[in-house]
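Subject: Structure for your review

Dear colleague,

Please find below the structure that I am handing over to you, together with its sequence. My notes on what was found in it follow directly after.

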Amino acid sequence: MLGGKPVNNADKDGYVRVRKRELDKLTTEVMQLREFLPRVLNGELMEMLTKARAAQTMSAVKEQLTQEQERLRQDCSHLQSRLEASQAECQKEREEKLLFREQLWQRGTELQQQADFCSSLGSASCCMLWSCSAKEDIITLWLSDHGKLQSFLGVAAQTLESFVRSLDEDVKAQTEDPDSQEHSFVLALAGTITNIAAVTSGRDFLANSAHVLLDTLIRLLELMRPGAFPKLKVLMLMALYNVSISIKGLKYLMKNPGLPTVTLNLLNDREWEVCLHSLRLLQSLVLEDEALLVLGPAVEDPELEARVKKLTSSVQPCVRAAAQQTLEDLQAAFKNQKSKVSKF
């Protein structure tokens, strides 16, 4: 109490009475807080803000990684599904492939059986045809229907060419197999053609209407290796020789530029029968003056005369005789040719 009255630190207007000493102390403390508090708070606050930002960044990265992981998981699941579907499809295709392979093998076996049957049938039919063609009246009967005979000769030419071109280039593959149905088939075809050409009306027909066949025979003789299929060569050479007996046939044959080369090469064949019929064909060409004029450069080749001369020493009497006659005909033809040139 002061002066008998109680001390009231707050009046009705809200003022508070403070001692000056306490006010000064309070002022000093406030100034100190103003000076030091910002320093402390700013460092801690910055550190807290940095940590908060780092935590926020980590949270965002974590969320992004979570989303990326979820996307990758979905992609992996999708790829896994596609892989399973592809594996199932691959397995299905593998099973289908095995099934097709088995079916293909079965079809191949059936096709081979059919081919063997056709070869056997063709061989038997052509062998019968070859036997029938040995009779002249049969050839005359065939010639009465030119259309069918021409169709047969066209098929024969295609068959012979297919057979020769299908041969392996290995010499061992070009050997005669008497038990081969295909070999018997082509031999019978060639034999039938030879028999047709052996008849006068037949060789005239070949000279006029079977040019493709004649060209094919010459081309095949050029393709066949020395020593390969001598029987087939002999039959084709005999057919060409028979055609050369006809004037029209000879005129057509001498137009073929490959014939002199073929004849020259066949004179070196290992089989004497091939050499013999090559000599006969060459002799048929040499005896005709017109053919000699057309084939002059090829016939006058010294290599041709040398090969014919070599055959005059063959161990086969028929080859020696044919070679000697051909050599004499060649020499006589050359002399006649030179005398004609000198007179001119």
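Predicted model: local features only at pLDDT ≥ 70, side-chain atom pairs only at ≥ 80, totals over all residues.

Overall composition

The chain contains 14 helices and zero strands. Read from the N terminus, its elements are therefore α-α-α-α-α-α-α-α-α-α-α-α-α-α. Of its 344 residues, 32% count as buried. Among the contacts in the chain with a separation of 6 or more, 70% are between residues 24 or more positions apart.

The axes of helix H5 (residues 200-209) and H6 come within 6 Å and cross at roughly 90°. With angles of 65 to 115 degrees counted as roughly perpendicular, H5 is roughly perpendicular to H6. On the H5 side, Leu206, Ala207, Asn208 and Ser209 take part, and they meet His211, Leu213 and Leu214 in H6. The residues of this contact divide into four nonpolar, three polar and no charged.

H3 and H6 pack at an angle of about 15°, and their axes are 10 Å apart. These two helices are therefore roughly parallel to each other, and the crossing of H3 and H6 is left-handed. H3 contributes Leu153, Ala157, Leu160, Glu161, Val164 and Arg165 to the contact, while H6 contributes Leu213, Thr216, Leu217, Arg219, Leu220 and Leu223. By type, the residues of the contact of H3 with H6 are eight nonpolar, one polar and three charged.

For H6 and H7, the packing angle is about 140° and the axes are 10 Å apart. H6 and H7 are therefore oblique to each other, since only angles over 145 degrees would count as roughly antiparallel. Their crossing is left-handed. The contact is made by Leu214, Leu217, Ile218, Leu220 and Leu221 of H6 with Lys233, Met236, Leu237, Ala239, Leu240 and Val243 of H7. In this contact of H6 with H7, ten residues are nonpolar, none is polar and one is charged.

The aromatic pair

A search of the whole structure finds one aromatic pair. Phe163 and Phe229 form this pair, which is edge-to-face, with 5.3 Å centre to centre and 80° between the planes. Phe163 lies in helix H3 (residues 146-165), and Phe229 in the loop between helix H6 (211-223) and helix H7 (230-245), so the pair ties together parts that are 66 residues apart in sequence. Residues under 20% relative accessible area count as buried. Phe163 counts as buried because its relative accessibility is 6%. Phe229 likewise counts as buried, at 3% relative accessibility.

Thr194

Thr194 is placed in helix H4 (residues 181-198). At 4% relative accessibility, Thr194 counts as buried. Leaving aside residues up to four places away in sequence, Thr194 touches Leu235, Met238, Ala239 and Asn242. One of these, Ala239, also takes part in the contact of H6 with H7. Thr194 and Val234 are 40 residues apart in sequence, and their C-alpha atoms are 9.8 Å apart in space.

With kind regards

Key: Residues numbered from 1 in each chain as written. Heavy atoms only, no water. Phe/Tyr/Trp six-rings, centres within 6.5 Å; stacked < 30°, edge-to-face > 60°. Helix = DSSP H or I, 4+ residues; strand = E, 2+ residues; numbered from the N terminus. Buried < 20%, exposed > 50% of the residue type's maximum accessible area, 1.4 Å probe, protein only. Axes fitted to C-alpha atoms, helices over the stretch in contact; angles between N-to-C directions. Parallel < 35°, antiparallel > 145°, perpendicular 65-115°, else oblique. Left-handed = near helix turned anticlockwise from the far one by under 90°. Contact = heavy atoms within 4.5 Å. Nonpolar A, V, L, I, M, F, W, Y, C, P; charged D, E, K, R; others polar.
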